[in-house]
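The exercises below are meant to be worked through with the sequence and the model side by side. Try each task before reading its solution.

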Protein chains: 2
Amino acid sequence: MEVEFKALLDDLDVLEKSLSDPAPIHKLRSHVENLATLSKCNPHRRSKVKELSSEVVDSNPYSRLMALQRMGIVDNYERIREFSVAIVGIGGVGSVAAEMLTRCGIGRLLLYDYDTVELANMNRLFFRPDQVGMTKTDAAVQTLAEINPDVVLESFTMNITTVQGFETFTSSLTNKSFCPSKEGGSGVDLVLSCVDNYEARMAVNQACNELRQTWMESGVSEDAVSGHIQLLVPGETACFACAPPLVVASGIDERTLKREGVCAASLPTTMGVVAGLLVQNSLKFLLNFGEVSPYLGYNSLKDFFPTMKMRPNPQCSNVACLQRQKEYMLAKPERDAAAKAKMEADASTAIDEGPLHDDNEWNISVVDDENEKDTTKAASSSDTLPEGLTRELPVADEYEKAIAIASGSGETEEEDDLEDLKKQLEALNAA
Amino acid sequence: MEVEFKALLDDLDVLEKSLSDPAPIHKLRSHVENLATLSKCNPHRRSKVKELSSEVVDSNPYSRLMALQRMGIVDNYERIREFSVAIVGIGGVGSVAAEMLTRCGIGRLLLYDYDTVELANMNRLFFRPDQVGMTKTDAAVQTLAEINPDVVLESFTMNITTVQGFETFTSSLTNKSFCPSKEGGSGVDLVLSCVDNYEARMAVNQACNELRQTWMESGVSEDAVSGHIQLLVPGETACFACAPPLVVASGIDERTLKREGVCAASLPTTMGVVAGLLVQNSLKFLLNFGEVSPYLGYNSLKDFFPTMKMRPNPQCSNVACLQRQKEYMLAKPERDAAAKAKMEADASTAIDEGPLHDDNEWNISVVDDENEKDTTKAASSSDTLPEGLTRELPVADEYEKAIAIASGSGETEEEDDLEDLKKQLEALNAA
């Protein structure tokens, strides 16, 4: 609008010169100047900052984040500015995840979505009614840039499941211009999948397996009251193709379901919690604090949070996954040596530190390890897995044996677990 | 700005009539009209709706919420428009809670805060840099009204811990103009405490004990990585004064701590998760679905979620709490009869329903009761409580005996548990 106001004022100047009495023009000009000022009042943005400051003043947008260092939670919070995170799907979970990372001062965000904002999205956080009709990527960039101009935002308005889209997706992930010194094939540090369909998850899975890219998957159930997050490290954990979801195994095409007007329920609460757990896990992964969860479920009806670990499936249908599994096995001696060296280094520098905070203002319980292990064990035991997926897939140890690397502690899991699983699924479908 | 544009166009009309050549005025008018259109583009609001529709169209802001009924989660979602919720503290948790309830279409929100928006708040969700300097209540109303004009918003810019503020607070809670048919002394259905200090929590506690008002408390630790929510039903559960927080017991004045420039860390993730759990628990409470959690902790470093129940303390220092405890005990025969009648009614109408959804698209695990009970038991056993609060307070059964109501199943807890607790706290402080 600034340009338009300038043109209007110029025209007034021209008109003034042609008139004998300039008084009406003066009045008009004061009107226009007033309007120009009003139009600038909102939005005003904060300016960029050069370095994250830990100064405790109201005007410092990073004081409460840098305090994480003083509190002993994070060693070096400023590193956050070096990281690139790609978010696929800017819906109920992805948009909130993007806002959280933006407010944390992440270095660079890559956003992927092909959809537009609708009023029907207003029951989730983030998008506003005045953004209806905009692409989700444009609307997100508009909001996020205003919140934190320090974050480098790149948006891709496209469907990653098309041939063209998938190519653009992988090539955007390999772009290293933001951090040229980054090792490996990928230019991002983490990919977050916040999509709502199987095809898109498989596309993210394929790209990440190919690029050796660690990613996290998230999802919310159709009835809006459950969700989960999952960490996927190619070769080390199960990939998304290792454990086929039930809906695919049962032969129902999800696209058909959607076309038939099935309207999934959704709640800002469940999606907000899942986004929060996802970004918290991402921060722990990137900034190296706490324990990164391999899988965390959220059953909101009972406030139950199951956890589990899923090892890769040696019979996975994804060729890139099998390659990553092989590499992971071959690198075992190297990993063991590194772990040993780290353990020795830690032991030699270990200092007996007292508790950082003597006070516990609001009874926040940090439960001692002993008890927590019990709970985790209960939650991750095979009995608590969803029906039809109660048996663990063949463990990586089996694969290890197959490629003839000595493994003394191989577990006695049966080779035909996957067959069992398929039979169970068929029985479920027949019922 | 609309008024200003109108005035400008009127002046142009006057000028046009006084000129021999109207051409320059035509050009000016088209400029102004263009600007007026631009200024209206942003923000535009959605219009109010009369009734919540479950129609599956992109333009329906309630389609995904009404789907909760079709999915069998909620019996009657439309009831949400009848409820009033008061949120005390519009900070990192309270603002997000307010946004979630607004997007869910809550009937009426009462917002209390005395603080102003600062850039230092930008590491949490909700407030925007262009709102810096506004009161949090004004900024919240601005944002929430734009998101959902159907919600009745009432804001109170004041400190509820002052004498005057406390009076205004209680009288606002007793206002029944929104739902004149509401029973009991309070005009709201739920109070959410999202404050960051002891005094304000005690003020909410006092008001709710006096008004027999159910409320939920929330909190996030100073190191930003833990939080909790708690349900408080006067007389039935522990009130906030029943279990004194450690910081008070240890004799440290929190106001002194704050004045000395201690800057607590905070994260949008932890606060988003706590707000999500708080509002989810509120929705379960208001709309009568799932299990309302009496206490739910969130330890983000380990993704551990302890649960527990806290019964009222018969030696509680809060007189109103003791009155509510007495009333609760006296109403036991009535409650028992009602529970029996409900059980019989349920049994006679019970229909053997199959599972609502055969598919489990994304492996969301709804764990069977058996296993969950084990986990809950582990998490809520006294061993997992924070140190210094490991012993349960004297249970309500003791009180029941004291007021001479027969209680055959009284547990053999010791009367001097509170004394034990105090001694432990003193030992901790001395160490």
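**Exercise 1.** Determine which handedness the β-α-β unit made by β2(A), α5(A) and β3(A) has.

*Solution.* In this predicted model, where local features need pLDDT of at least 70, side-chain atom pairs count only at pLDDT 80 or more and totals for chains, interfaces and linings use all residues, residues are numbered from 1 along each chain as its sequence is written. Chains are lettered from A and ligands numbered from 1 in the order in which they are written, and side-chain values use heavy atoms, with hydrogens and water left out.
Begin with the elements, which are DSSP runs numbered from the N terminus (helices H or I, at least four residues; strands E, at least two). β2(A) and β3(A) run parallel and are joined by six bridges, where pairing requires that DSSP finds at least two bridges between two strands. Within this pair, Y112(A) stands opposite F156(A) in β3(A). With α5(A) as the helix, the unit is right-handed, that is, with the strands pointing away from the viewer, the path from the first strand over the helix to the second runs clockwise.

**Exercise 2.** Work out whether the residues on the two faces of β2(A) are buried or exposed.

*Solution.* In a regular strand the side chains alternate between the two faces of the sheet. On one side of β2(A) are R108(A), L110(A) and Y112(A), on the other L109(A), L111(A) and D113(A), and all are buried, meaning under 20% relative accessible area with a 1.4 Å probe and protein chains only, whereas exposed means over 50% and partly exposed lies in between.

**Exercise 3.** Locate N148(A) and describe what its side chain reaches.

*Solution.* N148(A) lies in the loop between α5 (136-147) and β3 of chain A. Because its relative accessibility is 3%, N148(A) counts as buried. Its side chain reaches the backbone oxygen of T102(A) at 2.8 Å. Not counting residues up to four places away in sequence, N148(A) touches R46(A), Y62(A), T102(A) and G105(A), contact being heavy atoms within 4.5 Å.

Key: A polar contact is a pair of N or O atoms within 3.5 Å; within protein, one must be able to donate a hydrogen and the other to accept it, and residues adjacent in sequence count only if both atoms are side-chain atoms.
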